[in-house]
Amino acid sequence: MVSKHFYERQYNNCVASMAATEQDAPDLSQKVAQHYNQLEEKGVDKRKDSRIFYLRNFNNWIKSVLIGEYLKKARLSKPRESELTILDLACGKGGDLLKWRKGRIDQLICADIAATSVEQCEKRYTDMLERNSRDRRPQQIFHAEFHTADCGRVRLKDVYRNPATTFDLVSCQFSLHYTFESQSQAEVMVRNACESLRPGGFFIGTIPDGYEIVRRLREADDCSYGNSVYKITFNDKEDFPLFNCQYSFYLEGVVDCPEFLVYFPLFVKMVEQYNMRLVCRKTFADFFNDHLHCPESRGMLARMHTLETYPPDAGVELMSSVVGDYEHAELKVRQLEAEQTSEESSADRGRRPAKLGTLSKSEWEATSIYCAFAFEKLADDGTQLSVDDNPTPQASKRKAPEQYSAEDEPAKARPRL
Ligand SMILES: C[S@@+](CC[C@H](N)C(=O)[O-])C[C@H]1O[C@@H](n2cnc3c(N)ncnc32)[C@H](O)[C@@H]1O
């Protein structure tokens with residue numbers, strides 16, 4: 001664990017030397033934009049061939065659950081039937097457009113630094129509108145506007161069609177850490193996220209978990225660690241500045257660019273300056289375990305093909321060929337089979353063997369470096385406006401997702417390739 005005092009000292013120094021940091025700000029954001037611009041948008045069929053098909057679906061499931069939960073909370077703190085306006089900060093190619101549609105929002109503003117991604121995002125939206133208009137029973141789809149902007153440098157309020165727009169929810173998924181290249185960039189990003197939120201609205205997101213990243217670095221023999229699907233490389237094992245703490249991140253076929261460590265307490269302090277309070281911070285492991293028992297989230301797990309079936313169905317190959325990547329699942333299957341054998345009558349013997357939904361160890365290691373967060377904007381007098389509709393259970397101990405047993409689901413709902 002990184003020493004808290006070490007960071008606190010640094011945070012105080014850093015606040016004192018804010019002006020100096022701004023002048024010295026390096027600039028890797030264009031490199032990041034270039035990286036995302038040149039990423040090919042793959043169709044569903046091609047995505048199925050990806051080695052990290054389930055990992056991507058798992059990350060997508062986390063976003064869906066997080067977005068669904070906070071859209072619901074945002075709705076609850078408003079008069080019924082009032083409109084919902086959302087900011088998708090660093091929207092990428094529009095990976096969350098369907099989530100916004102499903103959430104029945106009314107207006108969406110999308111912004112990202114990568115121009116090609118924004119174009120593709122807009123095209124996906126217009127395709128969605130077009131498909132909907134051809135539908136026998138077309139639905140009401142949200143209005144949207146799209147902006148190419150460095151959200152760590154540009155004040156978005158100045159580029160919205162209506163600068164007075166206020167948001168019910170601001171979502172920044174897998175992106176905020178890029179602006180921790182410098183204090184000024186992180187501050188502009190945080191201001192964009194918070195300043196136009198209405199009281200009772202939420203700022204939600206997902207970022208790499210700085211603690212976990214440094215914990216793994218400390219355990220590594222050198223400045224690099226990872227497995228067959230991801231790799232993280234630092235220049236230094238001891239020095240973790242609050243901003244511009246750069247590492248390179250590689251994720252099979254999707255990411256290969258510089259990223260910046262986010263020290264969470266510092267991020268919280270920055271957000272709190274906008275009359276916000278932290279409502280939730282959870283590692284993906286805890287988030288998964290806490291939502292596993294909610295029927296809606298559990299149903300989505302299967303529908304989104306989030307977990308790989310183990311043992312695989314006849315004729316289906318496992319995603320990973322790395323030795324030991326399914327050891328955890330094998331152990332669990334044997335345990336389930338032993339339990340089944342001791343409980344079942346002789347007439348039941350010979351039933352279908354136990355099957356699980358799981359992620360390969362390599363994919364689990366890659367996804368479990370992330371955490372999810374949510375902040376709420378308070379009223380001017382500091383009171384909380386949200387209604388606690390469904391308090392989330394206490395974070396459970398970190399467990400791998402082999403604990404989800406496909407046996408509990410109707411066979412047709414189990415994840416299948
Ligand atoms: C991993 S992608 C996530 C995209 C999208 N939020 C999602 O979840 O599908 C990271 C995104 O952050 C964007 N990004 C990075 N730095 C940015 C900045 N300074 N301003 C706006 N967008 C940025 C990239 O262009 C890229 O689209």
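The following conversation walks through a predicted model of a protein chain with a ligand.

Student: To get oriented, how many helices and strands does the protein chain have?

Tutor: The protein chain has 14 helices and 13 strands. Please keep in mind that the model is predicted.

Student: And what share of the residues is buried?

Tutor: Of the 417 residues in the protein chain, 40% are buried.

Student: What share of the contacts with a separation of 6 or more comes from residues 24 or more positions apart?

Tutor: Such residues account for 78% of those contacts.

Student: Let us turn to the ligand. Which residues come nearest to it?

Tutor: There are 20 residues around the ligand, and G92, G95, Q173, S175 and Y178 come nearest. By class, the shell consists of 10 nonpolar, 8 polar and 2 charged residues.

Student: Which element gives the largest share of that shell?

Tutor: That is helix 3, residues 29-37, which contributes 4 residues.

Student: Which residues of helix 3 are buried?

Tutor: S29, V32, A33 and Y36 are the buried residues of helix 3. Viewed down the helix axis, they fall within an arc of 100°, so they line one face of helix 3.

Student: What is on the face turned away from that buried side?

Tutor: That face of helix 3 carries the exposed residues Q30 and K31.

Student: And what covers the buried residues of helix 3?

Tutor: The cover includes helix 7, residues 115-134, and strand 9, residues 255-260.

Student: How far does helix 7 reach from its first C-alpha to its last?

Tutor: Helix 7 has 20 residues and reaches 29 Å, close to the 28 Å expected at 1.5 Å a residue.

Student: Which of its residues are buried, and which exposed ones lie on the face turned away?

Tutor: In helix 7, the buried residues are S117, V118, C121, E122 and Y125. They fall within an arc of 140° when seen down the axis, so they line one face of helix 7. The face turned away from them carries the exposed residues T126, D127, E130, R131 and R134.

Student: What covers the buried side of helix 7?

Tutor: Helix 3 is part of the cover of the buried residues of helix 7, which also includes helix 6 (97-102), strand 2 (107-112) and strand 3.

Student: New topic: how many residues are in the largest nonpolar core?

Tutor: The largest nonpolar core has 90 residues, and Y70, L169, V170 and F203 have the most contacts inside it. Helix 5, residues 53-76, supplies the largest share of this core, with 11 residues.

Student: What does V170 touch?

Tutor: Not counting residues up to four places away in sequence, V170 touches L87, L89, A193, L197 and F203. There is also a second, separate core of 5 residues, among them Y310, Y326, A329 and V333.

Student: Where does G152 lie, and why does it count as buried?

Tutor: G152 lies in the loop between strand 3 (143-148) and strand 4 (167-173). It counts as buried because it has 26 C-beta neighbours inside 10 Å, and the cut-off for a buried residue is 20 or more.

Student: Which residues is G152 in contact with, leaving aside neighbours within four places in sequence?

Tutor: G152 is in contact with S29, T179, Q185, A186, V188 and M189. G152 and S29 are 123 residues apart in sequence, and their C-alpha atoms are 8.9 Å apart in space.

Student: What about K377: is it buried or exposed?

Tutor: K377, in strand 13 (residues 370-377), is buried, with 26 other C-beta atoms within 10 Å. Beyond residues up to four places away in sequence, K377 touches several residues, including C194, L197, R198 and N275.

Student: Where is N275 found, and what is its phi?

Tutor: N275 is found in the loop between helix 10 (264-272) and strand 10 (276-283). Its phi is near 60°, a positive value in a residue other than glycine. Most residues other than glycine have a negative phi.

Student: Where is F174 found, and what is its phi?

Tutor: F174, in the loop between strand 4 and helix 8 (183-194), has a positive phi near 55°.

Student: Finally, which peptide bond is cis, with omega near -10°?

Tutor: The bond from Y310 to P311 is cis. P311 is found in the loop between strand 11 (308-310) and helix 13 (327-343).

Terms used. Residues are numbered from 1 along each chain as its sequence is written. This is a predicted model: local features need pLDDT of at least 70, side-chain atom pairs count only at pLDDT 80 or more; totals for chains, interfaces and linings use all residues. A residue is near a molecule or strand if its C-beta atom, placed from the backbone, lies within 6 Å of it. Helices (H or I, at least four residues) and strands (E, at least two) are DSSP runs, numbered from the N terminus. Ala, Val, Leu, Ile, Met, Phe, Trp, Tyr, Cys and Pro count as nonpolar, Asp, Glu, Lys and Arg as charged, and the others, Gly among them, as polar. A residue is buried if 20 or more other C-beta atoms lie within 10 Å of its own, exposed if 12 or fewer, and partly exposed in between; C-beta atoms are placed from the backbone. The arc is that of the directions from the helix axis to the C-beta atoms. Two residues are in contact if their C-beta atoms, placed from the backbone, lie within 7 Å. A nonpolar core is a set of buried Ala, Val, Leu, Ile, Met, Phe, Trp, Tyr and Cys residues joined through C-beta atoms within 7 Å. The expected span of a helix is 1.5 Å times one less than its number of residues.
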